[in-house]
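Keep the sequence and the structure in view as you read.

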Amino acid sequence: MANSADDQYDYIWKVVLVGDSGVGKTNLLSRFTRNEFNAESKSTIGVEFATRNMTIKGKMVRAQIWDTAGQERYRAITSVYYRGAVGALVVYDLTKPQSFENLDKWLEELKEHAESSVRIMLVGNKTDLRHLRAVTMEEGRSLAEKKNFSFTETSALDSTNVGEAFNNLLVDIFKTQVEEQGKAPNTTSTANNNSLNVPEVPARPDSEGQEGGCSC
């Protein structure tokens with residue numbers, strides 16, 4: 001049960017970051033929630049968790065963002081964390097064609113473990129490495145349009161489109177969860193810890209309660 005200090009939000013939604021190891025998921029998370037980038041970032045083991053609050057159309061939304069490990073050997077452990085997710089950023093490294101080709105695998109895993117209504121945004125990361133680009137923007141956009149997903153390209157290093165990627169996904173979730181389904185305020189949608197069947201995981205102090213806004 002959230003205490004009074006943590007209860008100042010209308011909705012709480014779980015968003016997962018998925019994709020191959022090394023595509024930059026952890027730095028996308030840290031850039032969005034703490035405005036930090038770590039060039040020496042190590043591969044995530046298991047799951048990392050952070051939150052950020054946003055105001056959308058006058059409602060306070062708390063995004064619980066889960067960074068799932070990309071290594072194959074951890075997939076069995078982390079599959080439970082897809083449960084209850086209402087949004088997903090599916091990330092590839094635009095300098096690594098294999099990470100783009102592997103998107104079908106991640107999308108299949110989402111289909112298997114997440115709700116059918118989960119909102120998905122395809123993200124090509126590392127636009128700062130222009131000289132190493134191996135996947136064109138047209139290829140990424142074409143795949144997203146084929147599957148009816150949102151699409152953007154980002155750079156966690158220089159912050160390009162990072163906020164926009166998360167904001168746009170959350171606005172998309174808002175449209176489907178609130179405007180179309182009419183979810184009442186002060187609900188946690190499907191993304192509460194009880195429905196996830198996972199233990200309460202507190203956000204790190206430096207990532208808790210940061211607020212963002214959306215001009216929507």
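Leaving aside neighbours within four places in sequence, Phe100 is in contact with Tyr92, Val135, Glu139, Gly140 and Leu143. Contact means heavy atoms within 4.5 Å. This is a predicted model: local features need pLDDT of at least 70, side-chain atom pairs count only at pLDDT 80 or more, and totals for chains, interfaces and linings use all residues. Residues are numbered from 1 along each chain as its sequence is written, and side-chain values use heavy atoms, with hydrogens and water left out.

Phe100 sits in helix H3 (residues 97–101). Helices are DSSP runs (H or I, at least four residues), numbered from the N terminus. Arg34 belongs to helix H1 (residues 25–34).

Buried means under 20% relative accessible area, exposed over 50%, partly exposed in between (1.4 Å probe, protein chains only).

| Residue | Relative accessible area | State |
|---|---|---|
| Arg34 | 18% | buried |
| Phe100 | 16% | buried |

Phe100 and Ala134 lie 34 residues apart in sequence, and their C-alpha atoms are 9.7 Å apart. For Arg34 and Thr51, 17 residues apart along the chain, the C-alpha separation is 9.6 Å. The Arg34 side chain also makes a polar contact of 3.3 Å with the side chain of Glu36. A polar contact is a pair of N or O atoms within 3.5 Å; within protein, one must be able to donate a hydrogen and the other to accept it, and residues adjacent in sequence count only if both atoms are side-chain atoms.

Notes. Helices (H or I, at least four residues) and strands (E, at least two) are DSSP runs, numbered from the N terminus.
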